[in-house]
Amino acid sequence: MHFTQDQISEILTQIAREKDGFRKIMTLSLESIMKAEREVHNQKEDDVSNGFRPRKVFGEGKMLEIRVPRSRSGEFYPFLLSILKDQQEESQKLVYSLYSSGLTTAQIGDIFEQVYGKHYSTSQVSHLMDYAREEVDLWLKRKLDSYYPIIYIDATCILTRRGDSVSKEAYYTILAVRNDKTREVLAVVNSPNESATIWEETFRELQNRGVQSVGLVVSDGLTGIENAVTKVFTTAAHQLCTVHLKRNVINTVNKKDKPKIISDLKAVFDPDNPSDNAASGHQRWMAFIEEWNKKYPDFNKYKDPRYWLYFTYLNYNVSIRRMIYTTNWIERLNKSYKRTTKMRASLPNADAVLFLLGSVAQKQKAYDYPITNFNNEQKLFGK
């Protein structure tokens with residue numbers, strides 16, 4: 001049966017007036033082009049047709065179900081399908097990049113409308129990120145090295161929806177330094193609250209993924225965190241963040257005493273004296289407590305033996321001390337999390353938050369460059 005061009009145009013016009021008419025026309029057009037290409041392939045390669053296989057492609061902001069022609073040899077692959085695949089992959093990459101940079105799915109839909117002339121709904125944008133979710137999930141579950149010289153641990157709180165309520169929940173991150181002196185995020189984990197028990201479970205999951213030992217753990221002073229560390233990484237040294245401790249002390253004294261307190265604490269926590277050691281640092285701390293506990297009796301709590309862990313950094317070479325006596329490195333990553341999430345009042349569930357934070361952690365190129373000021377450090381790198 002042969003139709004004139006005018007007749008074909010009239011048929012297409014009638015189809016276009018129907019519900020989802022444009023989708024039907026697009027589907028028929030794609031399938032017809034691929035069938036014609038298969039005929040050329042069959043003649044050239046002495047092959048024969050072998051039915052069709054279903055395939056879903058994303059076009060005009062909607063999912064299209066098309067029939068892709070097959071050949072008996074299995075060597076026929078429509079050129080048009082390659083173009084559609086490349087276009088979809090580019091769209092997916094763009095959506096993922098915009099989303100992990102802080103834009104909402106609604107904002108991304110608006111951008112796609114400006115660029116492609118077609119509005120994408122939030123569900124369509126979300127669908128485009130399906131491949132990225134799988135990629136991030138695999139990355140967060142990947143096998144790890146057996147040994148890490150240093151791991152930094154910290155939790156940050158992000159508004160998360162659970163059912164009908166929204167509240168701040170804890171998201172645990174572990175940032176590691178590898179033997180080649182580069183950094184990588186090992187884990188991002190969710191729990192409604194931060195606790196030493198959850199940290200212990202997170203450490204054990206690292207073991208399941210291949211981590212056998214850790215040289216040094218750097219953390220804040222969360223109650224019981226030292227017990228969680230020693231239960232799992234029995235040989236690891238532990239450094240509690242001195243910045244958190246100094247901040248806690250300063251926030252509990254009178255305003256007029258703060259300048260002197262700050263000066264005294266600076267002398268107690270001195271990372272730049274190469275002849276200093278942990279025992280001397282702790283002695284300065286105890287002298288500081290004795291001087292000020294007459295005016296602030298509550299300072300006596302700082303005599304607890306766990307405060308030795310604030311001076312572990314003095315057992316290491318002076319060239320590395322400023323990098324291990326605070327949790328600043330991982331807090332910079334937390335700031336990147338906050339920048340990405342601040343445009344959202346709350347995220348729909350914990351999985352959505354983990355996907356977003358995992359995306360941020362995975363693409364942080366700042367954590368991939370070699371670190372140069374570990375020179376001559378024997379304790380961590382065995383040199």
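Okay, so this chain has 15 helices and 7 strands; those are DSSP runs, H or I of at least four residues for helices and E of at least two for strands, numbered from the N terminus. Before I go on: this is a predicted model, so local features need pLDDT of at least 70, side-chain atom pairs count only at pLDDT 80 or more, and totals for chains, interfaces and linings use all residues. Residues are numbered from 1 along each chain as its sequence is written, and side-chain values use heavy atoms, with hydrogens and water left out.

Now the overall picture. Of the 383 residues, 46% are buried, where buried is under 20% relative accessible area, exposed is over 50% and partly exposed is in between, with a 1.4 Å probe and protein chains only. Take contacts, meaning heavy atoms within 4.5 Å: among those between residues at least 6 apart in sequence, 65% join residues at least 24 apart.

Let's zoom in on one residue. Glu226 sits in helix 8, residues 225-232, and counts as buried at 16% relative accessibility. What does Glu226 touch, leaving out residues up to four places away in sequence? His238, Arg306 and Leu309. With Arg306 there's a side-chain polar contact of 2.8 Å; that term means N or O atoms within 3.5 Å, and within protein one must be able to donate a hydrogen and the other to accept it, with sequence neighbours counting only if both atoms are side-chain atoms.

Last, cysteines. How many disulfides turn up, going by cysteine sulfur atoms within 2.5 Å? The whole structure has 0. Cys157 is partly exposed at 37%, while Cys241 is buried at 1%.

How values were computed. Disulfide = S-S within 2.5 Å.
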